[in-house]
Amino acid sequence: MLTSVCTFIDSLVKIGNMSDFGHETLQSRKQQAIEELIEKNLRMIEEHKDYLVKAYKHFVDEIISEDEYAMFKADFNQQVDDGEKNIAALREELHEFSNGERGLAMIKHFQRYENITELDRAAVVTMISSITVNDSKNLTIQFRYMNEFDALVLNSLSETERMVG
């Protein structure tokens, strides 16, 4: 069991070391860029809603025809829908970004066990969520923070592919 825990910790530390390379600056820039895009889309949505109100006023004042109003309305509503879809996708990306940040915090937490030589209660409770005895010689260990770990691995692979490709 100690071997499995040490292997898991070693994997975390290696991924953490790969991710630390310029990670904080790169991640804060990514987060800022995503937040700016969300703000830009929100402003665009408000503009198109204003355009829709103005088009309706022009229709009521008989400056534009009913067909023109219908065309403007369809176009402006489509722009608003597209903006809302963009915002949803950007917020999902921001959520994925925060999963990666939690993964890095988790790595920092586990690094204190990097040179562990024996398991104690504190280490087991901190790192393991469950242990299942399959038979007399086999155990299944479920580590804590696996979602964050998986997100961090995927993020590290994506970053490596971008750097190589």
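Biologist: Leaving out residues up to four places away in sequence, which residues does N41 touch?

Modeller: Please bear in mind that this is a predicted model. N41 is found in helix α2, and α2 covers residues 23–60. Not counting residues up to four places away in sequence, N41 touches G83, N86, I87 and L90.

Biologist: Is N41 buried or exposed?

Modeller: The relative accessibility of N41 is 11%. Buried means under 20% relative accessible area. N41 therefore counts as buried.

Biologist: Which backbone oxygen does the side chain of N41 reach?

Modeller: N41 belongs to helix α2. At a distance of 2.8 Å, its side chain reaches a backbone oxygen, that of L37.

Biologist: Does H48 count as buried or exposed, and which residues does H48 touch beyond four places in sequence?

Modeller: H48 also lies in helix α2. Its relative accessibility is 13%, so H48 counts as buried. Not counting residues up to four places away in sequence, H48 touches F76, Q79 and V80.

Biologist: Where is E62 found, and what is its phi?

Modeller: E62 is found in the loop between α2 (23–60) and α3 (66–110). At 72% relative accessibility, E62 counts as exposed. E62 is not a glycine, although its phi is positive, at about 60 degrees.

Biologist: Let us turn to the strands. In which sense do β1 and β2 pair, and over how many bridges?

Modeller: Strand β1 spans residues 128–135, and strand β2 spans residues 138–143. The two form a hairpin with 2 residues between them. Their pairing is antiparallel, over 6 bridges.

Biologist: Which residues in β2 stand opposite V133 and I131?

Modeller: V133 stands opposite L139 in β2. For I131, the bridge partner in β2 is I141.

Biologist: Which residues form the nonpolar patch on the surface, and what is their accessible area together?

Modeller: One member is L139, placed in strand β2. A patch residue needs over 30% relative accessible area, and L139 is partly exposed, with a value of 43%. The patch is formed by I131, V133 and L139, and together their accessible area is about 260 Å².

Biologist: Which residues are in contact with T140, leaving aside its neighbours within four places in sequence?

Modeller: T140 lies in strand β2. Its relative accessible area is 37%, so T140 is partly exposed. Leaving aside neighbours within four places in sequence, T140 is in contact with S130, I131, T132 and N134.

Biologist: With which side chain does the side chain of T140 make a polar contact?

Modeller: A polar contact requires a pair of N or O atoms within 3.5 Å. For T140 the distance is 2.6 Å, and the partner is the side chain of N134.

Biologist: How many Å apart in space are T140 and S130, C-alpha to C-alpha?

Modeller: S130 is among the residues in contact with T140. In sequence, T140 and S130 are 10 residues apart. In space, C-alpha to C-alpha, the distance between T140 and S130 is 8.2 Å.

Note on methods
Residues are numbered from 1 along each chain as its sequence is written. This is a predicted model: local features need pLDDT of at least 70, side-chain atom pairs count only at pLDDT 80 or more; totals for chains, interfaces and linings use all residues. Side-chain values use heavy atoms; hydrogens and water are left out. Patches are made of residues with over 30% relative accessible area and no salt bridge: like charges are joined within 9 Å, nonpolar side chains (Val, Leu, Ile, Met, Phe, Trp, Tyr) within 5 Å. Accessible areas come from the Shrake-Rupley method with a 1.4 Å probe; for residues, only the protein chains shown count as cover. A salt bridge is a side-chain nitrogen of Lys or Arg within 4 Å of a carboxyl oxygen of Asp or Glu. Helices (H or I, at least four residues) and strands (E, at least two) are DSSP runs, numbered from the N terminus. Buried means under 20% relative accessible area, exposed over 50%, partly exposed in between (1.4 Å probe, protein chains only). A polar contact is a pair of N or O atoms within 3.5 Å; within protein, one must be able to donate a hydrogen and the other to accept it, and residues adjacent in sequence count only if both atoms are side-chain atoms. Contact means heavy atoms within 4.5 Å. Two strands pair if DSSP finds at least two bridges between them.
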